[in-house]
Amino acid sequence: MKIPYSRIQLTGNEEKYLKEVLESGWLTTSRKAMEFEEAFANFVGAKYACAVNSCTAALHLAVEAIGIKEGDKVLIPTMTFTATAEIVRYLGANPVFCDVEYGTSLLTPSILSEALIKHKDIKAVILVHFGGQSPLMHTSDGTGIVDICRKNNIFLIEDAAHAFPAKFEDKYIGTFGDATCFSFYANKTITTAEGGMLVTNNEIIYKRAKTMRLHGINRDVWNRFTNSNNKCSWEYDIIAPGYKYNMPDINAAIGLAQLEKAEDFREHRQYCATKYFNLLSDISCIDLPQNIGPINNHAWHLFPIQIKAEARVSRNEFIEKMAENGVGTSVHYKPLHRMSYYKNAYKLLPEAYPNAEKIWESTVSLPIYPDLTTKELDYISQTIHAILC
Ligand SMILES: Cc1ncc(COP(=O)(O)O)c(C=O)c1O
């Protein structure tokens with residue numbers, strides 16, 4: 001069998017909506033992007049959504065919109081993709097890295113509280129909903145992530161690249177913090193090939209992000225070309241040196257079709273996760289991922305397992321053997337404190353991140369996607385048993 005690590009499903013209205021765009025005579029940001037924004041905002045229950053060409057762009061716009069400036073400090077979990085931290089550097093601000101919890105790879109309320117005691121001048125936190133699950137955002141005694149940020153007057157940006165659709169309690173991720181950023185990269189839970197979405201309930205953040213998304217122009221370029229009201233349709237102003245981050249309609253068309261299936265996709269990934277929990281629970285030399293909420297609140301973008309030190313193969317050997325047997329895997333992540341740029345620029349030492357170190361040395365992510373079959377899941381489990389037992 002050949003089972004890739006990731007496989008996308010484009011079996012819904014993708015072609016139909018793409019055809020509509022091709023026939024519309026306007027390929028870049030226009031009606032489809034606006035439709036996608038509206039549908040996405042409705043889905044997560046947010047007032048505003050701003051479609052962009054990546055989650056990286058959404059994160060950059062979010063930190064810019066809340067006013068992060070040169071020299072500011074932004075708290076970021078070390079166990080994430082570089083995009084979470086690089087966008088802080090775009091603005092000349094500095095990431096302050098913190099450890100994560102073993103089992104979930106999340107920045108927890110207690111890790112956040114400790115970090116804020118150590119670093120008094122944090123302006124914002126970028127929370128990563130690692131793998132597709134949310135940490136405790138609110139608690140009855142006011143000690144959740146959002147509660148702590150509000151009490152300390154700190155902005156909260158959510159990196160939800162893995163977490164669509166995910167919930168905390170009975171509410172979709174999207175409006176807990178000041179802004180939430182989603183990814184529609186090719187291997188994400190829904191895709192537009194490349195793409196992202198910034199959602200927020202804050203009108204000021206939305207307006208700033210919308211302007212900066214397109215060169216700092218004070219109104220939509222689409223209006224510039226298609227405004228039927230001929231009055232001054234050529235005129236626009238530049239109010240800031242913005243960016244070129246808009247999402248073309250071509251991508252939005254795919255996104256709209258994917259959005260229609262987002263919950264079905266999630267349910268199948270949950271089925272895969274449940275199968276893995278059942279099939280792999282007898283293997284003592286691995287740790288399975290920990291759920292902190294109900295299983296159906298989780299987006300199940302990742303299914304990372306830990307190969308413990310006592311296993312008869314190392315994590316790297318495990319990955320090689322899985323590949324020899326036709327099963328693709330991945331690693332999330334080599335933590336940022338180990339990456340040359342961050343390590344050297346901020347003199348970071350591995351000892352400061354004991355949980356991330358333990359995770360990184362042993363972690364491997366198994367395939368989990370909407371058309372992964374029961375037969376394939378059984379084969380993956382049999383292969384893992386053959387390698388480890
Ligand atoms: C946690 C996290 N944040 C941000 C990103 C960036 O997403 P994009 O590729 O859409 O810019 C990724 C991409 O893999 C990610 O995993």
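Is alanine 352 buried, exposed or partly exposed? Select alanine 352 and you will find a residue that is partly exposed, with a relative accessible area of 46%. Here buried means under 20% relative accessible area, exposed over 50%, and partly exposed in between (1.4 Å probe, protein chains only). Keep those words in mind for the tour.

**Before setting off**

This is a predicted model, in which local features need pLDDT of at least 70, side-chain atom pairs count only at pLDDT 80 or more, and totals for chains, interfaces and linings use all residues. Residues are numbered from 1 along each chain as its sequence is written, and side-chain values use heavy atoms, with hydrogens and water left out.

**The whole chain**

Show the protein chain as a cartoon. It has 14 helices and 12 strands; these are DSSP runs numbered from the N terminus, with helices being H or I of at least four residues and strands E of at least two. Along its principal axes, the C-alpha trace spans about 75 × 50 × 40 Å. A compact globule of 389 residues would have a radius of gyration near 21 Å, and the protein chain agrees with its 21 Å. That radius is taken over C-alpha atoms, and the globule rule is 2.2 Å times the number of residues to the power 0.38.

Of the 389 residues, 56% count as buried. Among contacts (heavy atoms within 4.5 Å) with a separation of 6 or more, 72% are between residues 24 or more positions apart.

Now colour by charge. There are 40 positive and 44 negative side chains, and the centres of the two sets lie 3 Å apart. Lys and Arg count as positive, Asp and Glu as negative, while His and the chain ends are not counted; each charge is placed at NZ of Lys, CZ of Arg, CG of Asp or CD of Glu.

**Stop one: the aromatic rings**

Select Phe36, Phe40, Phe43, Phe164, Tyr172, Phe182 and Phe184, which ring pairs link into a cluster. Rings of Phe, Tyr and Trp (its six-membered ring) pair if their centres lie within 6.5 Å; planes under 30 degrees apart count as stacked, over 60 as edge-to-face and the rest as tilted. The whole structure holds 19 aromatic pairs. In one of them, phenylalanine 43 and phenylalanine 164 have ring centres 4.9 Å apart and planes at 55°, so this pair is tilted. Phenylalanine 43 is in helix α2 (residues 31-44) and phenylalanine 164 in the loop between β5 (155-159) and β6 (167-168), so the pair ties together parts 121 residues apart in sequence.

Stay on phenylalanine 164, which counts as buried at 3% relative accessibility. A cis peptide bond joins it to proline 165, with omega about -10°. Proline 165 also sits in the loop between β5 and β6.

**Stop two: another cis bond**

Where is the next one? Pick histidine 332 and tyrosine 333, which are joined by a cis peptide bond with omega about -5°. Tyrosine 333 belongs to the loop between α11 and α12.

**Stop three: positive phi angles**

Select asparagine 153, in the loop between α6 (145-151) and β5. Its phi is positive, about 60°, although it is not a glycine, and at 74% relative accessibility it counts as exposed. Then move to glutamate 169, in the loop between β6 and β7. Glutamate 169 has a positive phi near 55°, again in a residue other than glycine, and counts as exposed at 53%.

**Stop four: aspartate 178**

Which residues does aspartate 178 contact, leaving aside its neighbours within four places in sequence? They are Arg150, Phe155, Leu156, Thr200, Asn202 and Ile205. Aspartate 178 lies in the loop between β7 (171-172) and β8 (179-183) and, at 14% relative accessibility, counts as buried.

**Stop five: glutamate 20**

Go to helix α1 (residues 14-24), where glutamate 20 has its place. This residue is partly exposed, at 35% relative accessibility. Its C-alpha atom is 8.3 Å from that of alanine 253, 233 residues apart along the chain.

**Last stop: α13 and back to alanine 352**

Select helix α13 (residues 354-362), whose buried residues are Ala356, Glu357, Ile359, Trp360 and Ser362. They pack against β11 (304-307), α11 (315-324) and β12 (363-365). Alanine 352 lies in the loop between α12 (340-346) and α13. Its C-alpha atom and that of histidine 337, 15 residues apart along the chain, are separated by 9.2 Å.
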